[in-house]
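These are my notebook entries on one chain, written in the order in which I looked things up.

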Amino acid sequence: MRVPGTARRWAVAASCAPFAAFLVYAWGAIHLYTPDLRETCALAHGGWDRAYGQVTYFPLSRRCNAYQDLVPAYVNPAVVVLLTATALFAGLAVAARRNPRSREEQ
């Protein structure tokens with residue numbers, strides 16, 4: 001039995017989105033680690049404050065001070081959007097598969 005073209009496209013998108021979310025998360029996680037936090041924050045991020053520096057994994061964060069984070073600001077929203085898109089695309093694939101009109105597009 002063949003899967004209609006529209007359902008197939010949504011299924012491919014649903015399988016690619018979590019991989020993209022993983023890559024964005026990994027990119028942000030790379031920014032968490034530095035050989036010398038104090039030096040990196042002082043040289044590249046405007047200073048270091050002892051009250052900060054703890055690592056959190058969701059959301060990804062390692063702050064130098066109240067204003068600067070080592071993880072780029074776009075990482076956490078991008079991961080959430082991609083994971084939400086995964087669920088949406090999977091739902092659209094199921095809906096397209098069940099839609100009798102989409103079977104005519106084969």
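Entry 1: I began with Leu-88, which I found in helix α3, residues 75–98; helices here are DSSP runs of H or I with at least four residues, strands are runs of E with at least two, and both are numbered from the N terminus. The model is predicted, so I kept to local features with pLDDT of at least 70 and to side-chain atom pairs at pLDDT 80 or more, while totals for chains, interfaces and linings use all residues. Residues are numbered from 1 along each chain as its sequence is written, and side-chain values use heavy atoms, with hydrogens and water left out.

Is Leu-88 buried or exposed, or does it fall in between? Its relative accessible area is 49%, so I noted Leu-88 as partly exposed; buried means under 20%, exposed over 50%, and partly exposed in between, with a 1.4 Å probe and protein chains only. Together with Trp-10 and Leu-92, Leu-88 forms a nonpolar surface patch of about 250 Å² accessible area. Patches take residues with over 30% relative accessible area and no salt bridge, joining like charges within 9 Å and nonpolar side chains (Val, Leu, Ile, Met, Phe, Trp, Tyr) within 5 Å. The areas come from the Shrake-Rupley method with a 1.4 Å probe, and for residues only the protein chains shown count as cover.

**Entry 2: the whole chain.** I listed three helices and two strands, which follow the pattern α-α-β-β-α along the sequence. Of the 106 residues, 28% count as buried, and the chain exposes about 7100 Å², of which carbon and sulfur atoms supply 65%. Taking contacts (heavy atoms within 4.5 Å) between residues at least 6 apart in sequence, I noted that 59% join residues at least 24 apart.

Entry 3: For α1 (5–30), I found 26 residues and a reach of 38 Å from first C-alpha to last, close to the 38 Å expected at 1.5 Å a residue; the expected span is 1.5 Å times one less than the number of residues. For α3, the 24 residues should span 34 Å, and the end C-alpha atoms are 35 Å apart, which agrees.

The buried residues of α1 are Gly-5, Thr-6, Ala-7, Ala-14, Ala-17, Ala-21 and Gly-28, and they pack against β2 and α3. In α3, the buried residues are Val-75, Val-79, Ala-85, Thr-86, Ala-93 and Ala-96, and their cover includes α1 and β2.

I then followed Tyr-25, which sits in α1 and counts as partly exposed because its relative accessibility is 27%. Leaving out residues up to four places away in sequence, Tyr-25 touches Tyr-57, Leu-60 and Val-79. The C-alpha atoms of Tyr-25 and Val-79 are separated by 6.4 Å, although these residues lie 54 apart along the chain.

**Entry 4: the cysteines.** How many disulfides does a search of the whole structure find? It finds one, taking a disulfide as a pair of cysteine sulfur atoms within 2.5 Å. The bond joins Cys-41 to Cys-64, with 1.9 Å from S to S. The pair links distant parts of the chain, 23 residues apart, with Cys-41 in helix α2 (residues 37–44) and Cys-64 in the loop between β2 (60–62) and α3. The torsion about the S-S bond of Cys-41 and Cys-64 is about -70 degrees, so I recorded the disulfide as left-handed. Cys-41 is buried at 0% relative accessibility, as is Cys-64 at 0%, whereas Cys-16 is partly exposed at 44%.

Entry 5: My search of the whole structure for salt bridges, meaning a side-chain nitrogen of Lys or Arg within 4 Å of a carboxyl oxygen of Asp or Glu, gave one. It pairs Asp-69 with Arg-63, whose closest N and O atoms are 3.7 Å apart, and Arg-63 is partly exposed with a relative accessible area of 27%.

Most peptide bonds are trans. I noted a cis peptide bond joining Phe-58 and Pro-59, with omega about 0 degrees; Pro-59 lies in the loop between β1 (55–57) and β2.

**Entry 6: a last loop residue.** Ala-73 is in the loop between β2 and α3 and is exposed, with a relative accessible area of 72%. From Ala-73 to Ser-61, I noted 9.3 Å in space, C-alpha to C-alpha, and 12 residues in sequence.
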